[in-house]
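Please have the structure open as you read.

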Amino acid sequence: MFFKLNATAGQALYLQLMQQIRHATESGALGDGDQLPGIRTLAEQLVVSPNTVAKAYSELEHEGLLEMRPGSGAFVSLNRRGRSLAEHVSSARQRAGDLIRELRDEGLHDDEIRRVFEAELLRTPETARRR
Amino acid sequence: MIPAPVIQTSQLRKAYGKFEAVRGVDLCVEPNRITGFLGANGAGKSTTIKMLLGMVKPTGGGGSVLGRRIDDPGASVEMRRHVAYVSEDKRLYGYMTVAQIIRFTSGFYPDWRKDVERDLLALYELPPDRKIRLLSKGMRTKVALLLALARQPQLLILDEPGDGLDPCGVEQLLESVVARSGDGTSVFFSSHQIAEVERIADNVCILDKGRLILDATMDDLRQSYRQITLAFPELPAESEFQMAGVERIRSNGHQMSLFSSGNTEAVIERARTLHAMSIDVTPVALRDVYLQTVRAR
């Protein structure tokens, strides 16, 4: 698996890593039972603090997407909840894609669309679902 | 339970005659984390570090490192057995060869990591038989790092470790620091290389003119700090935006630029009620945070 974290993206690195792992399971790049590198190994690969990887793994374990086995590392666990979430996200992506195509057809540039999305996400009050 | 900090200071001060190098610094560095210590040249970083290590006597305040008081010479010696320090000037015995200084240093430390020594010798491509005084500045830095990292210290203090290293050297340095952190070593490193700190630090402290002006987690900086640019048909008074989280306001023509350390939602809500024509929110890099925080003073 290749992950790429952006130090200046305005998002905590552990959240970026969580998203990329989630995305990999949604796209099929990571399947049920697949093993992820150990915390130390991945931290050295990405040249980030081991705490970043540890936090991402532990949050994903909490969500039920990863299973931590002491001594042998992290394994992807696509239980029913994980699968339904994956389907939900994939349908959301389709709908967002449709909307973006529509806005592009109306002549908006990608930068403008991105700013609209970001501003709207910030405008709606933070909810418990935001992670 | 909150783990005991590895470094703690309270109102730490150092004056050289009339010049106050460090003016009342309260540090609290958590264990098992990588903490970046940023500041311009002359901000007081090295003086602070030397006080932590008992090499410079504070003129006020106090502190502890690994639970041992920094102003107690006996405790300080004991503390130094568990702290590895790479100084700015990387002073080493010039007459020894690389292999000799490694053998000499390793003799003092029962926990010496032979595997780390071997790995770093290879990674840093150090010539074992060359005398230290014949090494380039970058090579000497690498020797000093090897000696510090192979000791398996509880706390690693690095003062401007990246100075004199080329980009590959800096990358190797960061990798080595991350690896030692993975072994459970707490890291406190000073730098004016913001990009280095930004990549690997969990926490960042910024020192400016002898004062600690920021102490935050990188997660918090990334998630909360924003640059907000607003455009209005008619510019409202800046006082409308003097609210929690807004650190700096600048107005120019129809535009207003805000630097916020949080509370972005409330700022946007205020902008809407004031009929902003456009609201542009962008994340800020550590460089922006640094410049904005230092300039705001």
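At roughly what angle do the axes of helix α5 of chain A and helix α9 of chain B cross? They cross at roughly 105 degrees and come within 9 Å. This is a predicted model, in which local features need pLDDT of at least 70, side-chain atom pairs count only at pLDDT 80 or more, and totals for chains, interfaces and linings use all residues. Residues are numbered from 1 along each chain as its sequence is written, chains are lettered from A and ligands numbered from 1 in the order in which they are written, and side-chain values use heavy atoms, with hydrogens and water left out.

## Helix pairs

Two packed helices are described by the angle between their axes and the distance between the axes. Axes are lines fitted to C-alpha atoms, for helices over the stretch in contact, and angles run from 0 to 180 degrees between N-to-C directions. Helices (H or I, at least four residues) and strands (E, at least two) are DSSP runs, numbered from the N terminus.

| Helix pair | Axes come within | Crossing angle |
|---|---|---|
| α2(A), residues 39-46, and α3(A), residues 50-63 | 8 Å | roughly 125 degrees |
| α2(A) and α6(B), residues 167-182 | 9 Å | roughly 165 degrees |
| α5(A), residues 110-123, and α9(B), residues 264-273 | 9 Å | roughly 105 degrees |

Angles under 35 degrees count as roughly parallel, over 145 as roughly antiparallel, 65 to 115 as roughly perpendicular and the rest as oblique. α5(A) and α9(B) are therefore roughly perpendicular to each other. On the α5(A) side, the contact (heavy atoms within 4.5 Å) is made by A:Ala119, A:Glu120, A:Leu122 and A:Arg123, and on the α9(B) side by B:Thr264, B:Glu265, B:Ile268, B:Glu269 and B:Arg272. By class, this contact has three nonpolar, one polar and five charged residues. Here Ala, Val, Leu, Ile, Met, Phe, Trp, Tyr, Cys and Pro count as nonpolar, Asp, Glu, Lys and Arg as charged, and the others, Gly among them, as polar.

Now to α2(A). With axes that cross at roughly 125 degrees, α2(A) is oblique to α3(A). A:Ile39, A:Leu42 and A:Ala43 of α2(A) meet A:Pro50, A:Val53, A:Ala54 and A:Tyr57 of α3(A), a contact with seven nonpolar, no polar and no charged residues.

α2(A) and α6(B) are roughly antiparallel to each other, and their crossing is right-handed. A:Arg40, A:Ala43 and A:Glu44 of α2(A) make the contact with B:Glu175, B:Val178, B:Ala179, B:Arg180 and B:Gly182 of α6(B). By class, there are three nonpolar, one polar and four charged residues in the contact of α2(A) with α6(B).

On a 1 Å grid over the protein atoms alone, a cavity is a set of points where a 1.4 Å probe fits but cannot get out, and a pocket is an open set with protein on both sides within 12 Å along at least five of seven lines; lining residues have an atom within 4 Å of a point. The whole structure holds two cavities of 30 Å³ or more. The volume of the second largest cavity is about 50 Å³ (the space filled by probe spheres set on the points, which are joined across faces, edges and corners). Its lining draws on both chains, including A:Thr8, A:Gly10, B:Glu198 and B:Arg222. α8(B) gives the largest share, three residues.

The second largest pocket has a volume of about 720 Å³. Among its 23 lining residues, B:Arg80, B:Tyr85, B:Arg91, B:Leu92 and B:Leu147 are the closest to its centre. The lining of this pocket comprises 14 nonpolar, two polar and seven charged residues.

Note on methods:
Left-handed = near helix turned anticlockwise from the far one by under 90°.
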